[in-house]
Amino acid sequence: DECDGAAEACRSGRRLKETVRAAAEDAFGAKLHVVIAGLSNTYASYTATPEEYDAQRYEAASTLYGPNTLAAWQQQFTYLTRAMAKGTSVPAGPSPPDLESKQWSFLPGVVADEVPLGKHFGEVSEDVEDKVYHAGDVVSAEFHSSCPRNDLRTGGTFLEVQRLVPGVMKQLRRHVRAQGALYTMTAGTAVREEGFERWGKSNLRYLTFTDTWETAYLDNDFGTKFIWSRPASISTHSTAQITWEIPTDVVPGTYRLKHYNAYKPLIGSIKQFSGVSSSFKVATGNSTATQ
């Protein structure tokens, strides 16, 4: 696959595919299947052919870099494809300017975020149902939240579906044995311990084990949704609903939903927070609702 940051017009895409195919043919063979994936990571507007550019219809008029835009893409893709075929690295090239500070926004900023009295940001307002879920079921939880414009979490996530992983090493402890029992020495006090696994041949070091939560799905997965709402347009209160439609290839186990966001107090700087739902079981088999 070849990815670029422009919307290729139909004829431009075909010409670019042939350019890449010709550059890669010696390394990968004549039956190479080339796919052009446009709009990758950035946007450089349209790419029309020189002939289309002369006609100045919609795509051509939106080809911002002139009639030789396609030729420039072909030149650079040939260069990159040959480097990839040889396994050689290429210089990163110049970085585009950061123009964020020069952009105008007419959208008012967030004044403040608040939660109902006695509640805190990230606290669950509607928890997951207490039942065993299966593939095809939809899990949902709602949290006391804040305006997501406080932090767009670029490169991050507003949610995680987490799976419980048991038995991960937590720490290494020193111990002594006395009268057949295991004791951990802490600040000179011998505390009797249970459930330790011996490590190696040494009788001086033991490993403790604890459960951990690993990330299984994020807000960019097809089965998850982050739905933010407030009770009124001028309200400082808001909620975030997280839903997860369980896929057919899910790993059975114990899961929970976790929400990330940031709130803005009336006075002070933006602060991060998170919250988790209760855990729930996901078993093998499909939901009866989908059968």
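1. The largest pocket holds about 410 Å³ of space. This is a predicted model, and the volume is a computed value for that model.

2. Residues lining the largest pocket are Thr42, Tyr65, Gln76, Tyr79, Leu80, Val90, Pro91, Ala92, Gly93, Pro94 and Pro96.

3. Glu51 sits in helix H2, which covers residues 50-55. Its side chain makes a polar contact of 3.3 Å with the side chain of Arg15. Glu51 and Pro67 are 16 residues apart along the chain, and their C-alpha atoms are 8.2 Å from each other.

4. Which residues touch the most other members of the largest nonpolar core? They are Val139, Trp244, Leu257, Phe280 and Val282, in a core of 16 residues. Two or more residues come from each of strand E7 (138-145), strand E8 (159-178), strand E14 (238-245), strand E15 (253-263) and strand E17 (280-286). Strand E7 contributes the most, with three residues. As background, nonpolar side chains in soluble globular proteins tend to be buried together.

5. With neighbours within four places in sequence left aside, Trp244 is in contact with Asp137, Val138, Val139, Val161, Tyr217, Gly223, Thr224, Val250, Tyr255, Leu257, Phe280 and Val282. Val139, Leu257, Phe280 and Val282, named in the previous point among the residues that touch the most other core members, are included in that contact list.

Terms used: Residues are numbered from 1 along each chain as its sequence is written. This is a predicted model: local features need pLDDT of at least 70, side-chain atom pairs count only at pLDDT 80 or more; totals for chains, interfaces and linings use all residues. Side-chain values use heavy atoms; hydrogens and water are left out. On a 1 Å grid over the protein atoms alone, a cavity is a set of points where a 1.4 Å probe fits but cannot get out, and a pocket is an open set with protein on both sides within 12 Å along at least five of seven lines; lining residues have an atom within 4 Å of a point. Grid points are joined across faces, edges and corners, and a volume is the space filled by probe spheres set on the points. Helices (H or I, at least four residues) and strands (E, at least two) are DSSP runs, numbered from the N terminus. A polar contact is a pair of N or O atoms within 3.5 Å; within protein, one must be able to donate a hydrogen and the other to accept it, and residues adjacent in sequence count only if both atoms are side-chain atoms. A nonpolar core is a set of buried Ala, Val, Leu, Ile, Met, Phe, Trp, Tyr and Cys residues joined through side-chain atoms within 4.5 Å. Buried means under 20% relative accessible area, exposed over 50%, partly exposed in between (1.4 Å probe, protein chains only). Contact means heavy atoms within 4.5 Å.
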